[in-house]
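I opened the notebook to look at a metal site and a couple of helices. Here is the model I worked from.

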Amino acid sequence: MLLQHQTWQEVERYLGRSKGIILPIGSTEQHGPNGLIGTDAICAEIIAKGAGEAAEAMVGPTIGVGIAVHHMGFAGSMTVRPSTLIAIIHDYVLSLARHGFRRFFFVNGHGGNIATVQAAFSEIYAAFEGAIGIRRDDELRCRLANWWDGKAMHDLSKEIFGDDEGSHATASEVAVTQYALPDTIKTAVIAPPRAPTGRFHGPADYRRRFPDGRIGSNPSLATPEKGKRFYDTSIAEVAKTYTTFIGENE
Ligand code: NI
């Protein structure tokens with residue numbers, strides 16, 4: 001159930017039965033030689049939509065550009081400043097809160113967003129309490145869930161990719177985009193098969209240490225079939241976490 005595919009009357013009816021909404025948040029940044037620039041936004045969006053169907057929840061528009069300063073050494077990468085992302089999240093949530101939404105569940109596709117999203121939640125709580133002085137039983141609550149988190153997802157990653165999963169341009173995220181968008185699957189020579197790992201300092205240093213953009217991964221092992229297994233497992237986990245979140249009243 002996508003917010004953007006509803007009429008205002010349908011949203012009003014939905015609010016009669018639920019105050020919850022799922023908001024996907026991703027990033028627009030290089031994902032190695034066979035990963036799409038939009039990988040993090042595509043994964044967050046498809047998993048939010050799937051989880052929204054499973055949990056009969058409204059799904060809002062995707063925040064497509066996140067915190068990606070360290071990827072700016074690669075063509076096509078985009079970033080916003082933390083203060084910009086905080087302002088975007090604040091304004092999305094307060095817009096929806098005006099209509100009666102009270103439970104905001106962000107499905108995140110990018111590790112680099114986590115600290116800023118949590119800071120945005122603090123801004124929102126401060127603004128909401130100050131501006132509206134809402135009753136305690138009608139509190140506004142925000143939650144962040146990374147689509148790749150949880151025991152079932154970690155076990156699946158271990159089983160399918162083992163040490164080739166990596167930490168950027170991961171085999172599983174590339175597989176999920178291949179399942180989501182089979183027409184965009186790239187063929188590329190990936191060498192060495194598994195990328196190096198380690199720390200980096202800023203965009204130029206990142207590119208020097210990880211010349212094709214990957215960290216620790218071998219995304220040549222990705223297939224749409226493997227992507228479907230990650231998708232199915234993730235939407236079940238995310239839907240369960242969402243349902244628990246909106247059911248919590250204490
Ligand atoms: Ni990613």
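I started with His31, which counts as buried because its relative accessibility is 1%; buried means under 20% relative accessible area, exposed over 50% and partly exposed in between, with a 1.4 Å probe and protein chains only. This is a predicted model, where local features need pLDDT of at least 70, side-chain atom pairs count only at pLDDT 80 or more, and totals for chains, interfaces and linings use all residues. Residues are numbered from 1 along each chain as its sequence is written, and side-chain values use heavy atoms, with hydrogens and water left out.

**Nickel site.** I looked up Asp40 next and found it buried too, at a relative accessible area of 2%. Which atoms coordinate the nickel ion? They are His31 (NE2), Asp40 (OD) and Glu173 (OE), at 1.9 to 2.2 Å. Donors are N, O and S atoms within 2.8 Å of the metal (3.2 Å for Na, K and Ca), and water is not among the atoms, so sites may look incomplete.

**Helix H1.** Helices are DSSP runs of H or I with at least four residues, strands are E runs of at least two, and both are numbered from the N terminus. In H1 (residues 8–17), I noted Val11, Tyr14 and Leu15 as buried. Seen down the axis, they fall within an arc of 100 degrees, so they line one face of H1; the arc is that of the directions from the helix axis to the C-beta atoms. On the other side, Glu12, Arg13, Gly16 and Arg17 are exposed. Strand E1 (20–25), strand E2 (58–59) and H8 are among what covers the buried residues of H1.

**Helix H8.** The buried residues of H8 include Phe230, Tyr231 and Ile235.

Terms used
Contact means heavy atoms within 4.5 Å.
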